[in-house]
Amino acid sequence: MAYKTVNPYTNETIATFPDLKDGELQTLLDQAETTYKSWAQTSFAGRAKIIARAASLLREQKEDYAKLLTLEMGKLKREAEAEVDLSADILDYYAQNSEKFLAPQKVPGGAERGDDAMVVSQPLGIILAIEPWNFPYYQLARVAGPHLMAGNVVVVKHASIVPQAAAAFEKLFHDAGAPAGLYTNLFATREQLEALIDDPRVQGIALTGSEGAGAKVAAQAGKNLKKTTMELGGSDAFIVLEDADLEKSVKWAVWGRMNNGGQCCVAAKRIIVVDKIADTFFKRFSEELAKLSPGDPSDDATGVPPMSSQSAADQLNEQVEDAVKHGATAHRVGPAPPNKGAFVQTTILTDITKDNPAFYQEFFGPVALFFRVKDEDEAIALANDNPYGLGGSVFTQNTERGVDVAKRISTGMVYVNHPTWTRPDLPFGGIKRSGYGRELAMMGIEEFVNKKLINVVPIDAPA
């Protein structure tokens, strides 16, 4: 069975879940299509009532929802609870703002002809979401919130290692009063997923995941002329200029690299420090990382949780070994992890040259790549010398300088004096091999709507 809960702290299999049967899939799609026809005609206030209720339930049952994240992918307890709060915030944000975001817009021009032109935003139908394991609720909320409020319905193929979280999020909408078919979790097989992308009832696909998965889904969707959004990998640069507040920059570098156990698309994966302060920064960065103790993710004292799975840990360890074989130096930091469980020793890699495969790879876990550069221009050049283009950070006490540097970095997002992160009201997405399209904020809700022109023209107006 593909869908199973394996506790990464113990590597114990807790539960397994059967794949969806082909007949069940068709029944669920039929239900989603039927529900769409009525949901599309439901008022924004009617939609918001259900979405806001789902947000309230998340907050009311936060500990229960959070425990599943710790159990299934090893998320630290405090971070799991923070994810539940963030997911609720996203649902509330769209419940409160969607009608304003999608209000009809007057089109300027043509008044001399007597035209009355407007653009209205209308839903498309069934949206397929293909989502990863690293933020099991947040990834779902940032699809469900906007696209349900836009009048679409959503079917979800979630990651196979978080089936209980996937099922819990479906139950959340049921408990909030959603009609059957509004939000549907599918324990789909690979063949069924391909059939979903081909199905004419599915009108768009939102994927967050690996570059390889994105390329395959985008290619198949393209053959079907279907709109997609892709949020893929990242190897974000964390640039520290010589005038940065060093101690605060170190603090944020540790958070940016180690948040979610380092398993975050917008983690600070490449620490790039101007030579003038590089030695001091490296020393302090190492010291602060060493204070994080690996252990039980449900224990508040734990600083480094297990990886999401043993296979993920094995892959990351292989990347580190390969980097060292090609000339990198591995600095093992902090206490050794437990022998049991999907743990990886916290590591800083240095001496990474361009002919080392690690130079262009994404390291998904508690491994930081550390680079020293001559100056600002060299930092920007290094940041841009990467196939990914998701996020990035610039640290300097001169914020005007920080903004200027940010403009020169080729990514979808750059934060000044803060690691790249997420909020409901800020657009999220990347360029290059990190994908395309945006989620969250006003831009997120506009991805899967029909921007329809309606123009009222005097009958005697010339052609």
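Axes here are lines fitted to C-alpha atoms, for helices over the stretch in contact. Keep that in mind for the first close-up; all the views come from a predicted model.

**Figure 1. Helices α9 and α10 cross each other.** Two packed helices are described by the angle between their axes and the distance between the axes. So let's take both for this pair. Helix α9 covers residues 246-258 and helix α10 covers residues 275-290; their axes come within 9 Å and cross at roughly 50 degrees. That angle makes α9 oblique to α10. As for handedness, the crossing of α9 past α10 is right-handed.

**Figure 2. The residues where α9 meets α10.** On the α9 side, look for Leu246, Glu247, Ser249, Val250, Ala253, Val254 and Met258. Their partners on α10 are Ile277, Thr280, Phe281, Arg284, Phe285, Glu288 and Leu289. Sort this contact by class and you get nine nonpolar, two polar and three charged residues.

**Figure 3. Cys264 and Cys265, two cysteines without a disulfide.** A disulfide is a covalent bond between the sulfur atoms of two cysteines. You won't find one here, as the structure holds zero disulfides.

**Figure 4. Tyr388 and its contacts.** Tyr388 sits in strand β15, which spans residues 388-389. Is Tyr388 buried or exposed? Its relative accessible area is 12%, so Tyr388 is buried. Leave aside the neighbours within four places in sequence, and Tyr388 is in contact with residues including Glu211, Gly233, Tyr360, Ser410 and Arg433.

**Figure 5. Met442 in helix α14.** Helix α14 runs over residues 441-445, and Met442 is part of it. At 32% relative accessibility, Met442 counts as partly exposed. Not counting residues up to four places away in sequence, Met442 touches Tyr93 and Phe101. Now look for Pro146: Met442 and Pro146 are 296 residues apart in sequence, yet 8.8 Å apart in space, C-alpha to C-alpha.

How values were computed
Residues numbered from 1 in each chain as written. Predicted model: local features only at pLDDT ≥ 70, side-chain atom pairs only at ≥ 80, totals over all residues. Heavy atoms only, no water. Axes fitted to C-alpha atoms, helices over the stretch in contact; angles between N-to-C directions. Helix = DSSP H or I, 4+ residues; strand = E, 2+ residues; numbered from the N terminus. Parallel < 35°, antiparallel > 145°, perpendicular 65-115°, else oblique. Left-handed = near helix turned anticlockwise from the far one by under 90°. Contact = heavy atoms within 4.5 Å. Nonpolar A, V, L, I, M, F, W, Y, C, P; charged D, E, K, R; others polar. Disulfide = S-S within 2.5 Å. Buried < 20%, exposed > 50% of the residue type's maximum accessible area, 1.4 Å probe, protein only.
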